[in-house]
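Here are some friendly notes to read alongside the model. Keep the structure open and find each residue as you go.

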Amino acid sequence: MRKALLRTGTAIGAAVLLTACTSGGFNSVELSNDPADGEVPEVTFDTPVEVDENQTKVLREGDGEEIEDGSTLLVQAALYRGSDGEELGESYSSGAGQVLKVNSEMKDQLPELYEALTGGMKVGGILAYSSPSTAGNSGQEGDESTSVEVYEIVEKIPSEIDGEMKDSPEGLPEVTENDEGVPEIGDMDEEAPKDLVAENLIDGDGAEVKEGQTVVVDYVGARWEDGKPFESTWDSGTPAALPLDTSIEGWSEGLVGKKVGSRVILSVPADKAYGTEEELGADSGYPTGDLLFVVDILAAEDTPEPEPLPDPTSSTVNEGDGQEVNDGDTLLMTSAPVQDGEAADATPSVVTLDDSMREEDSFLYDQLSKARVGTTVDVTTTSDAGAGQTTESTTRYSVREVIPSEIEGEMQPTPEGLPAVTETEDGTPEIAKPEGDAPKDVTSEYLIEGDGAEVKEGQTVAVNYVGARWEDGEVFDSSYERGQPTAFPLDGVIEGWSEGLVGKKAGSRVIISVSSDKAYGSKEEIEESGNTGAPEGDLVFVVDILGASDTPAAADASPSASATE
């Protein structure tokens with residue numbers, strides 16, 4: 001599998017400096033293939049490569065359009081380790097390319113790059129580059145070689161669009177142009193449209209944008225709420241290349257079918273943008289609410305299909321000898337990230353081996369469905385980290401116990417002084433609005449008494465639960481609503497839980513009244529602690545104890561040599 005391009009300080013679009021001289025190992029860099037469109041160039045060179053100054057070499061001049069002052073280019077890149085020639089990453093699998101403008105700014109700031117590109121290079125040309133700034137960046141101890149970076153000029157695209165601009169559609173703000181032809185959004189006094197609006201301000205005559213393509217665009221975006229622009233490629237000076245499959249829904253819907261060369265005004269409701277401030281949080285960094293964009297479509301290119309991620313692998317740490325696990329079972333599990341063979345502290349969870357889990361993670365389902373209680377297995381997966389990057393991680397899973405998905409038994413009347421509890425048709429407990437004052441201390445009583453082992457101090461419990469505020473009966477949390485039991489180590493929960501559950505039997509339904517000082521505290525105490533969102537005051541819970549297990553320390557066993565794929 002190809003690795004995504006590693007970002008370096010010398011990547012094109014950052015601080016690249018190219019010179020015309022070559023020497024040493026870098027002088028031996030040659031193409032070992034003649035890559036077709038969309039294929040990563042392969043190179044050979046004598047190792048190690050160690051340059052004392054920025055070096056460049058033309059590997060292929062190209063046979064397309066000539067590059068000149070004012071050109072806007074799409075560029076792809078691949079990165080190779082100077083010590084042994086291993087490919088470290090590439091950008092081809094993560095998009096159609098990155099945008100590079102050959103202009104006076106480049107000539108002033110990067111004259112060597114400007115001269116290299118305008119000195120006879122054409123579309124399809126390939127350059128190799130190495131810089132002393134990359135020495136020691138390979139991640140290998142003692143390696144002072146410099147990286148070999150290979151750049152391909154994929155396409156020359158228009159730098160701007162042409163045409164007479166029309167008036168904005170009714171209900172959308174006026175858009176004008178400044179002296180440089182940059183669109184400016186007028187007052188946004190109206191309410192934002194409830195639905196997505198995508199209309200041309202300038203009609204282009206290029207190819208229609210297709211689903212899943214990468215669009216090369218200039219754009220400005222503003223919030224309807226205050227009319228303030230939050231981003232502009234005209235301000236940054238370089239168009240953006242954006243795969244529609246990873247863009248907000250308003251873009252992927254609104255730009256498909258529009259023609260290259262068009263200027264489009266897009267009004268995007270929050271549910272097709274990034275979301276509301278309430279959903280994202282005040283410090284998310286994303287523009288919230290309804291948004292408005294003006295977009296110039298400079299080009300549209302097919303987005304390269306990423307190579308499939310490697311299949312997960314598993315290594316058995318130890319074989320369990322407890323109860324056999326079967327399809328449909330609910331398990332009390334622990335999981336822990338593994339680095340350098342060492343597992344961190346384990347986190348408990350509850351999983352059910354059902355069709356939903358099989359669809360979500362078929363590999364883990366297969367590992368668990370053929371296990372026994374006590375089995376521990378390491379699962380290594382590779383995930384898409386965005387922008388073409390991939391991340392490999394290993395997680396250690398341990399099967400602690402097979403537990404019931406629900407408890408059985410006839411519910412007894414609620415003890416005097418506690419709120420009444422009833423059941424819905426599906427057996428979910430409902431807490432009536434409490435009356436009178438809450439007990440001054442923790443009160444824990446059976447509603448259904450199970451026949452399992454008693455819960456011990458410090459254990460991890462698997463539970464279903466609902467919690468309500470004593471003051472008004474408002475439910476603030478419910479695992480029943482989420483549709484999945486959960487697990488907690490008693491040493492890590494509020495004091496009222498650790499006191500109220502110890503000594504109760506697995507298989508029981510318990511009602512627990514927890515005074516404020518053994519819950520999260522008063523409103524003032526919660527605000528002072530910064531634990532915003534926690535329920536204040538006296539609380540009441542109904543808890544179904546599905547299982548209990550000793551809380552494990554981090555596993556220190558090493559995986560077996562055999563691995564399954």
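**Notes on the model**

1. Strands (E, at least two residues) and helices (H or I, at least four) are DSSP runs, numbered from the N terminus. Before going on, note that this is a predicted model, where local features need pLDDT of at least 70 and side-chain atom pairs count only at pLDDT 80 or more, while totals for chains, interfaces and linings use all residues. Residues are numbered from 1 along each chain as its sequence is written, and side-chain values use heavy atoms, with hydrogens and water left out.

2. Which residues does Tyr-446 touch, not counting those up to four places away in sequence? They are Gly-503, Lys-504, Lys-505, Ser-508, Arg-509 and Val-510, with contact meaning heavy atoms within 4.5 Å. Lys-57 is another matter: its C-alpha atom is separated from that of Tyr-446 by 79 Å, and the two residues are 389 apart along the chain.

3. Now for the domains. The assignment, which is automatic or from a database, gives domain 1 (23-156), domain 2 (175-302), domain 3 (312-403) and domain 4 (421-550). Nine residues from domain 3 and 13 residues from domain 4 take part in the contact between these two, whose C-alpha centres lie 28 Å apart.

4. How much area is buried between domain 3 and domain 4? The value is about 770 Å², and carbon and sulfur atoms give 61% of it. Buried area here is the accessible area (1.4 Å probe) that two parts lose on being put together, summed over both.

5. Salt bridges come next (a side-chain nitrogen of Lys or Arg within 4 Å of a carboxyl oxygen of Asp or Glu). One to look up joins the side chains of Lys-156 and Glu-68 (3.4 Å, N to O). Lys-156 is in strand E8 (residues 148-157) and Glu-68 is in the loop between strand E3 (55-60) and strand E4 (72-80), so this pair links distant parts of the chain, 88 residues apart.

6. Look next at the second largest pocket, with a volume of about 630 Å³. A pocket is an open set of points on a 1 Å grid where a 1.4 Å probe fits, with protein on both sides within 12 Å along at least five of seven lines; lining residues have an atom within 4 Å of a point. Points are joined across faces, edges and corners, and the volume is the space filled by probe spheres set on them. Of the 32 lining residues, Thr-352, Ser-405, Gly-483, Gln-484 and Pro-485 are the closest to the centre.

7. Finally, two backbone details. The peptide bond from Thr-47 to Pro-48 is cis, with omega near -5°. Asp-340 has a positive phi, near 55°.
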